Amino acid sequence: MIDQILDYNKDFVARKGYEKYLTSKYPDKKLAVLSCMDTRLTELLPAALGLKNGDAKIIKNAGGLVISAFDSAMRSLIVAIYELGVEEIMVVAHSHCGACHMSFDHFQHEMIARGVSDETLDTIQKCGINLHHWLEGFKDTPESVRKTVETIKTHPLIPRDIVVRGFIIDSETGALEEIKNDEQPEAKPRDEGKVKYIK
Ligand SMILES: [Zn+2]
């Protein structure tokens, strides 16, 4: 397959197929999108968001997650903010995500079948790498989006004026559903109630 891609690439460059994609490294919409590597989203995601080449930094991984505060996704977001002028971040998970049902037990079984030894797995775990946490899927997509949004919003290196919002995109229609943080709608009536009581 890669050889076919290389042949195509020669032709693409020769016929100047790149001309309509020319832009700069700075995102015109000052936007970063963290999403999943799912093949259904390759073209659907930018099309459904109305994004063209040059509009946004698109960061992808399995699930569209920030797993830990200093992982690769978080690093990319920090570069996007401080080096490339990003002001808003969209976390976009999607329906029927393959990363949803991942289990370490399955990976372990497959790895051993493909020649990885038990000893190797043991050594990695003894080095302090929690493979269960690293490879386990998420059971609840909205909850997972909220967690990633929260990790970004409260990150010590993220400026407080950066807008971070979470969404789930329909993998077929491209429809976006916003996933709001539960704490915000709850906090408002409680505050209003207090004001009324004081009056
Ligand atoms: Zn996915």
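The points below go from the whole chain to single residues.

1. The model is predicted. The mean pLDDT of the chain is 91, and 91% of the residues reach at least 70. Residues 185-199 are a stretch with pLDDT below 50, and beyond near neighbours in sequence this stretch has one contact in the model. The placement of residues 185-199 should be read with that pLDDT, below 50, in mind.

2. Secondary structure and extent. The chain holds eight helices and five strands, in the order α-β-α-β-α-β-α-α-α-α-β-β-α along the sequence. Its radius of gyration is 21 Å, whereas the globule rule gives 16 Å for 199 residues, so the chain is more spread out than a compact globule. The C-alpha trace spans about 75 × 50 × 35 Å along the principal axes. Of the 199 residues, 22% are buried. Among contacts with a separation of 6 or more, 78% join residues 24 or more positions apart.

3. Domains. Domain 1 consists of 26-96 + 141-181 + 189-199, and domain 2 of 103-136. Between the C-alpha centres of domain 1 and domain 2 there are 30 Å. One pair of residues gives a further distance: Asp28 and Ile112 are 84 residues apart along the chain, and 46 Å separates their C-alpha atoms.

4. The nonpolar core. Which residues have the most contacts inside the largest nonpolar core? They are Ala32, Leu34, Leu77, Ile89, Val91 and Val92, in a core of 32 residues. At least two core residues come from each of strand 1 (31-36), helix 2 (41-49), strand 2 (56-61), helix 3 (72-82), strand 3 (88-94), helix 7 (141-153) and strand 4 (163-169). Strand 3 supplies the largest share, five residues. Leu34 illustrates the packing: apart from neighbours within four places in sequence, Leu34 is in contact with Ile59, Gly64, Ala73, Leu77, Ile89, Val91 and Val92.

5. Helix 3. The buried residues in helix 3 are Ala73, Met74, Leu77 and Ala80. These residues lie on the same side of helix 3, because they cover an arc of only 120 degrees around the axis. In general, an α-helix has 3.6 residues a turn, so residues three or four places apart point the same way. Strand 1, strand 2, strand 3 and helix 7 are among the elements that cover the buried residues of helix 3. On the face turned away from the buried side, helix 3 carries the exposed residues Ser72 and Tyr82.

6. Helix 5. How many of the nine residues of helix 5 (residues 118-126) are buried? The number is zero, so helix 5 lies largely in the open.

7. Most residues other than glycine have a negative phi. Lys16 is not a glycine, yet its phi is positive, at about 55 degrees. Lys16 sits in the loop between helix 1 (2-14) and strand 1, and it counts as exposed because 8 other C-beta atoms lie within 10 Å. His96 likewise has a positive phi of about 55 degrees without being a glycine. The loop that holds His96 runs between strand 3 and helix 4 (104-113). With 12 other C-beta atoms within 10 Å, His96 is also exposed, since the limit for exposed is 12 or fewer.

8. Asp28. The loop between helix 1 and strand 1 contains Asp28. Is Asp28 buried or partly exposed? Asp28 is partly exposed, because 14 other C-beta atoms lie within 10 Å, and the limit for buried is 20 or more. Neighbours within four places in sequence aside, Asp28 is in contact with Gly54 and Asp55.

9. Pro159. Where is Pro159 found? Pro159 is in the loop between helix 7 and strand 4. Pro159 counts as exposed because it has 9 C-beta neighbours inside 10 Å. From Pro159 to Ile67 the C-alpha distance is 20 Å, and the two residues are 92 residues apart in sequence.

Conventions:
Residues are numbered from 1 along each chain as its sequence is written. This is a predicted model: local features need pLDDT of at least 70, side-chain atom pairs count only at pLDDT 80 or more; totals for chains, interfaces and linings use all residues. Domain bounds come from an automatic or database domain assignment. Helices (H or I, at least four residues) and strands (E, at least two) are DSSP runs, numbered from the N terminus. pLDDT is the predictor's confidence in each residue, from 0 to 100. Two residues are in contact if their C-beta atoms, placed from the backbone, lie within 7 Å. The radius of gyration is taken over C-alpha atoms; the globule rule is 2.2 Å times the number of residues to the power 0.38. The arc is that of the directions from the helix axis to the C-beta atoms. A nonpolar core is a set of buried Ala, Val, Leu, Ile, Met, Phe, Trp, Tyr and Cys residues joined through C-beta atoms within 7 Å.
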